[in-house]
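Okay, thanks everyone, let's get going. Have a look at the screen while I talk you through this one.

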Amino acid sequence: MTGVVLLHAFPYPTMWGPQLEVLQPRYPVIAPNYMGKTLPEAAEQVLREMDWLRWDKAVLVGLSMGGYLSFELWRQAPERIAGLVLADTRAGADNPQGRATRDQQAARIRAEGLAWFPEALLPNHLGKTTREHEAEIVQSAAQMILDNEPELVARSLEALRDRPDSTPTLPTIAVPTLILVGEEDSVTPIAEARTLYKAIEGSQMLILAEAGHLSSLESPTTFNTALLGFLAQVLS
Ligand SMILES: O=C(O)CC1=CCC(=O)O1
């Protein structure tokens, strides 16, 4: 059997509500929470869940950190992957400044908890349109951050810091791939999506209007239409 695995962004393990709503009546689908795990550990967790469900393959839908994990899964078990949706993500590793910021943030979370973290993340993670006009989405994203166990957030920052450069992985990807990016994504902007599109042979790419980095939350209708269209192609 082939299912759909939704791989969340950091630190939003419960972000897939709008997608689960449309997918659950149509496809076998899971949305694992891998906060606190390294990417290799998270990949092992996903493969174990697929084994338990007796899925031989899955379409992976990875947003941001979920995209980083999709690359890791492709390296570990390409034979288990039927297709990829890479949303608002990038192939490159952190630069030294990015790694230092992860360390500072992890140390502050361990010292102070998470109360300060939504204000640090959301101005970048949400697009201008959402921040100015969608107070409910802003509030819900903030609550998702606060609902985490602080130590798991700190460990995930270390996992992000330590992820490898996936650029050499891109040309090896040989399954149908859809690349999505919010037009207002300032974290992994359109140029990053184009890099993926150019390096993954046969991939498709779509820019989502009025969405930022968390495009599945910010523009769920457009995101879901693109996702369902892709799944209909791959799983028919
Ligand atoms: O911090 C990054 O590398 C980009 C990012 C934002 C959310 C996420 O999952 O990763």
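So, which domains does the domain assignment of the chain give? Domain 1 takes in 2–93 + 171–235, and domain 2 is 96–155; those bounds come from an automatic or database domain assignment. Quick caveat before I go on: this is a predicted model, where local features need pLDDT of at least 70 and side-chain atom pairs count only at pLDDT 80 or more, while totals for chains, interfaces and linings use all residues. Residues are numbered from 1 along each chain as its sequence is written, and side-chain values use heavy atoms, with hydrogens and water left out.

Back to the domains. Their centres, taken over C-alpha atoms, are 21 Å apart. On the contact, meaning heavy atoms within 4.5 Å, domain 1 puts in 17 residues and domain 2 puts in 18. Between them they bury about 1600 Å², with 59% of that on carbon and sulfur atoms. Buried area here is the accessible area (1.4 Å probe) that two parts lose on being put together, summed over both. On the domain 1 side, F10, Y12 and E218 lose the most area to domain 2, together 31% of what that side buries.

F10 has something else going on: a cis peptide bond joins F10 and P11, with omega at about -10°. P11 sits in the loop between β1 (2–7) and α1 (17–23). Helices (H or I, at least four residues) and strands (E, at least two) are DSSP runs, numbered from the N terminus.

Now the helix pairs. α2 (residues 39–52) and α3 (residues 65–76) pack at about 70°, axes 9 Å apart. Axes are lines fitted to C-alpha atoms, for helices over the stretch in contact, and angles run from 0 to 180 degrees between N-to-C directions. That makes α2 roughly perpendicular to α3 (65 to 115 degrees; under 35 is roughly parallel, over 145 roughly antiparallel, the rest oblique). In α2, the residues that meet α3 include L39, P40 and V46, and their partners in α3 include Y68 and L69.

S64 has a positive phi of about 60°, although it isn't a glycine.

Last pair: how do α4 and α8 run, roughly parallel or roughly antiparallel? The axes of α4 (residues 96–112) and α8 (residues 150–161) come within 9 Å and cross at roughly 170°, so the two are roughly antiparallel. Among the residues meeting there are R99, D103 and R110 from α4, and E151, R155 and E158 from α8.
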